[in-house]
Amino acid sequence: MTAATYQYVDLPDASVVTTRALLAARENIADTVAARAMMCIHGGAGFGKTLAVNTCLRALEPGEDVRKITFRARPTARAVRYELFTALDLAGDPPRHPSEFDRLLKTALADRPRTFLVDEAQWLNGEAFEYFRYLWDEPATQLAIIFVGGEGCHTVLRREPMLSSRVFIWQHFTRLTSGEVLEAIPLFHPVWAGADPDDIAFADRHAAHGNFRAWAQLTAHIRLALARTGRPGVDRDLLRWAFSRLGPAA
């Protein structure tokens, strides 16, 4: 699979690399969906959580009905209801009264199995998480939920015993180790395929620090440098030029 959906920068020819974290996510998500359970994937920004989850869930489609919800601010239960109404493509106007709204959502969620990907879940507070638990607990719903978010997601979930006790699998995404960098980055983009491993390690120490998003940004700058200079491949001068354009390391 190419990484046209790499989501951070427009990076032609980038590929999704099957790291150990992605392999674990594939197995964990498949098991969670099969069990109609809840899962939490958490970790620092730029570690590849969302890309891994989108890749794994795409592999389950079209047999699995996957609906994605993304929050950008701390939602109330009312806001969660409206997001679910939109994600489910329900007809008509949203009900005004919470009890009526809840009945509508439960009815819709009972008609067939579904999986919700709840991205940026670090924005959810206890009330919002509790509403997802409320729907999931309904015997008639056939719901799997994948919460994906920063460390705040894990922290808030752990504070909610009724919900955290129902989470089937927890997966923590971390930075790539130095060994994983040397394995993954030459597969990530052609500019690194023929690069000296010492130069890749140098780039990781000084700029990327095992962060896939930082590697994507660095790769975009290296592509520009190679195109402008006509050099045959990555070298320390190009790397230092790219470093000069980057802000603080990830």
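1. A quick definition to start: a disulfide is a pair of cysteine sulfur atoms within 2.5 Å. With that cut-off, a search of the whole structure turns up zero disulfides. The sulfur of Cys 40 has its closest cysteine sulfur in Cys 153, at 3.7 Å, which is too far for a bond. Cys 56 is in no disulfide either, as its nearest cysteine sulfur, that of Cys 40, is 15 Å away. Cys 40 is buried at 0% relative accessibility, and Cys 56 is buried at 5%. (Buried means under 20% relative accessible area, exposed over 50%, and partly exposed in between, with a 1.4 Å probe and protein chains only.)

2. Some ground rules before going on. This is a predicted model, where local features need pLDDT of at least 70 and side-chain atom pairs count only at pLDDT 80 or more, while totals for chains, interfaces and linings use all residues. Residues are numbered from 1 along each chain as its sequence is written, and side-chain values use heavy atoms, with hydrogens and water left out.

3. Now the sheet. Five strands make an open sheet with parallel pairing, in the order β2-β3-β4-β1-β5. Strands (E, at least two residues) and helices (H or I, at least four) are DSSP runs, numbered from the N terminus, and two strands pair if DSSP finds at least two bridges between them. The edges belong to β2 (66-70) and β5 (167-173); each has a single partner strand, so one side of each is left without a neighbour in the sheet. On average, neighbouring strands are turned by 15° against each other, direction ignored. (Axes are lines fitted to C-alpha atoms, for helices over the stretch in contact, and angles run from 0 to 180 degrees between N-to-C directions.)

4. Which strand do five bridges join to β1 (residues 38-43)? That would be β4 (residues 143-149), running parallel to β1. His 42 has Gly 149 in β4 as its bridge partner. Helix α5 (residues 126-137) packs on the sheet and touches β1, β2, β3 (114-119) and β4, where contact means heavy atoms within 4.5 Å. The direction of α5 makes about 160° with that of β4.

5. On to the rings. Rings of Phe, Tyr and Trp (its six-membered ring) pair if their centres lie within 6.5 Å; planes under 30 degrees apart count as stacked, over 60 as edge-to-face and the rest as tilted. The count comes to eight aromatic pairs. One of them is Tyr 82 with Phe 101, edge-to-face at 5.2 Å centre to centre and 80° between the planes. Tyr 82 sits in helix α3 (residues 77-87) and Phe 101 in helix α4 (residues 98-110), 19 residues apart. Tyr 82 is partly exposed at 30%, whereas Phe 101 is buried at 2%.

6. Another edge-to-face pair is Phe 188 with Phe 212, at 5.6 Å centre to centre and 65° between the planes. Phe 188 is buried at 0%, and Phe 212 is buried at 10%.

7. Have a look at two arginines as well. Arg 158 lies over the face of Trp 170, at 3.9 Å from the ring centre, and Arg 236 lies over that of Phe 202, at 4.1 Å. (A charge sits over a ring if NZ of Lys or CZ of Arg is within 6 Å of the ring centre and within 35 degrees of the ring normal.)
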